[in-house]
Amino acid sequence: MTSTLPVPEPHQSDSANTGANSLSWEEELDSAIFSFEDIQTELNYKQAQTALRNLVANLDLTPQEKTGLETEIADLETMLGKLDRMVVQIAAFGMVGRGKSSLLNSLVGQTVFETGPLHGVTRAAQRVNWSISEEAIGETERALRVTLPSVGQSQVELIDTPGLDEVDGATRAALAEQIAKQADLILFVISGDMTKLEYAALSQLREAGKPIILVFNKVDQYPEADRMAIYHKIRDERVRELLTPLEIVMAAASPLVKTAIRRPDGTRGIQLRTGNAQVEELKLKILEILHREGKALVALNTMLYADIVNEQLIERKLMIREVNANELIWKAVMTKALAIALNPVTVVDILSSVVIDIALILGLSKLYGFSMTEAGAVQLLQKIALSMGGIGASELLANLGLSGLKTLLGISATATAGAALGPYISVAITQAGVAGVSSYGIGQVTKVYLANGATWGPDGPKAVINRILANLDETSILNRIKDELLHKVKLRK
């Protein structure tokens, strides 16, 4: 940049020019957003709409899983609305006193954002056609979002954020993540040489992967030589590794000019008045970005943000299902262990064991949203049992051997007036423990199978089962079953 800004002039018939300038700016934005002749870009945009619409329509969440995910679901629907309405979001970041609000007001052509010491919106400046909202940042801060009236097919949202030095480090991080990941274009506003805090914040925003325009505001307050010296220092030293010179512009959003006045006593003096905003270079830069890649940028940013939200939804959904699945598995383990421990008949032991395992598979399939018949559950149980190899065989042998021994001890207990009751209980608990470990393994394998979309993945069932069984601590499971069995049958001493 070699040119300098023209000398600011005082406002002349501001009220007459404001509406016309604002309308022209909005029409230019609409033209920039929709002047695309590239068919592939249009197809990509339509594909993004279709993909996001399908994602919202096929979330596959139970009422329980939706609880606590309302914000994430609303974010996806907001992103879909953004695509459908072709909304371009421009967010301004900067420290207090850098002129963020004044800069946005200059782009709008009206005083919508308050320009006093406190960030916020001037309620009296709201217009019927404007939509003004605010969103929480951290526990105490908020960001303001102003939606311009729709012109043609497009809408523009300007977002004013709290000053970077008004909030703590954790809130700044939340601010950057929450706003920057939604915005299509970021304006980072400074008013002199950059501070360490500004550089750190700019670096953090750069990681969001969004277009950034560094706005050197309030240049009217510097002599031309100082202004250019600061600009070159910023360009060549401060942000050389973050931004290119084409991404840096100078502006004077609310310039102060000296005006000669006549005092009531007849003497003359000088008074500072607000001059015309010098933001044409910034407007041209915004329009250039939108002309070059506006529609593709909105589609890409929306899909990237939707992907982040979708990952959060999937993670939460799987976590909730994991907890519920583990509870279901443990109930099946205890039911099976108790049924076998208390039942002395061998055939009934084996049948009840199979019935409980089938019921467990059906329960897990329902939990993970898969429709499975009893025949399908039997087939899956057979496949798992064969792949589990040793555990399945051990359970069958234990049931046959221990159940027979348990039957004899039960008969003996009657004949010996309860003398054989102790050995009977010991054998019953051992048999129940073996059955419980087997059911636990079957449940865990089924859970992984269903969580993978009712597929074993590229490794096949044996590899999946071997990984799960390798992590089973049979001793601790057996001990837990033993303790709970003793408690349930009220034999704990």
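Mentor: Let's start with Lys218, which counts as partly exposed because its relative accessibility is 23%. Keep in mind that this is a predicted model.

Trainee: Where does Lys218 sit, and what is its phi?
Mentor: Lys218 is found in the loop between β6 and α8. Most residues other than glycine have a negative phi. Lys218 is not a glycine, yet its phi is positive, at about 60 degrees.

Trainee: Is Ala454 buried, partly exposed or exposed?
Mentor: Ala454 lies in the loop between α13 (421–451) and α14 (461–470). Buried would require under 20% relative accessible area, and exposed would require over 50%. Ala454 has 24% relative accessibility, so the class is partly exposed.

Trainee: And what is the phi of Ala454?
Mentor: Ala454 is not a glycine, and its phi is positive. The value is about 60 degrees.

Trainee: How far apart are the end C-alpha atoms of helix α8?
Mentor: Helix α8 covers residues 224–238, which makes 15 residues.

Trainee: Within what arc do the buried residues of α8 fall?
Mentor: The buried residues in α8 are Arg227, Met228, Ile230, Tyr231, Ile234 and Arg235. Looking down the axis of α8, you find that they line one face of the helix, because they fall within an arc of 160 degrees.

Trainee: Which strands are included in what covers those buried residues?
Mentor: Think of the buried residues of α8 as having a cover that includes strands. Those strands are β5 (185–190), β6 (212–216) and β7 (248–250).

Trainee: Which backbone oxygen does the side chain of Arg227 reach?
Mentor: Arg227 belongs to helix α8 and is buried without a salt bridge. A salt bridge needs a distance within 4 Å, whereas Glu224, the nearest side chain of opposite charge, is 5.7 Å away. At 3.3 Å, the side chain of Arg227 does reach the backbone oxygen of Val219.

Trainee: Stepping back, how much of the chain is buried?
Mentor: The chain has 15 helices and nine strands. Among contacts with a separation of 6 or more, 72% are between residues 24 or more positions apart. Of the 493 residues in the chain, the buried share is 45%.

Note on methods:
Residues numbered from 1 in each chain as written. Predicted model: local features only at pLDDT ≥ 70, side-chain atom pairs only at ≥ 80, totals over all residues. Heavy atoms only, no water. Helix = DSSP H or I, 4+ residues; strand = E, 2+ residues; numbered from the N terminus. Expected span 1.5 Å × (residues − 1). Buried < 20%, exposed > 50% of the residue type's maximum accessible area, 1.4 Å probe, protein only. Arc of directions from axis to C-beta. Contact = heavy atoms within 4.5 Å. Lys, Arg positive; Asp, Glu negative; His and termini not counted. Polar contact = N/O pair within 3.5 Å; in protein donor to acceptor, adjacent residues only side chain to side chain.
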